[in-house]
Amino acid sequence: VRGCYERRLKQNNLLQGTVNVSLVIGTDGKPSQVSVRGSLRDNEVFGCVRRLARNWEFPRPTGNSCARVNAPFNLTPRP
């Protein structure tokens, strides 16, 4: 996620804000739904994070059900 942000930061050194990744984890431990929003308001960062998140893997949810995960990121330039 930081890599997606830092690539865009090179073009806009004032870019900062939140990125919220919401996932539905399927019974196989892989995301079946991915949503990216936040105050960062940069579609390139959001698209990059969305592509990455689709490949994340998680432990399989217990039982035969899906799990919902929300992962917030606060992105600011390093001093």
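What percentage of the 79 residues of the protein chain counts as buried? The share is 34%, where buried means under 20% relative accessible area with a 1.4 Å probe, protein chains only. The model is predicted; local features need pLDDT of at least 70, side-chain atom pairs count only at pLDDT 80 or more, and totals for chains, interfaces and linings use all residues. Residues are numbered from 1 along each chain as its sequence is written, and side-chain values use heavy atoms, without hydrogens and water.

The protein chain holds two helices and three strands. These are DSSP runs, with helices (H or I) of at least four residues and strands (E) of at least two, numbered from the N terminus. Their order along the sequence is α-β-β-α-β. The C-alpha trace spans about 45 × 20 × 15 Å along its principal axes. Contacts are heavy atoms within 4.5 Å. Of those between residues at least 6 apart in sequence, 66% join residues at least 24 apart.

Aspartate 42 lies in the loop between β2 (31–37) and α2 (43–53). This aspartate 42 counts as buried because its relative accessibility is 8%. Leaving out residues up to four places away in sequence, aspartate 42 touches Arg8 and Leu15.

Definitions and conventions:
Buried means under 20% relative accessible area, exposed over 50%, partly exposed in between (1.4 Å probe, protein chains only).
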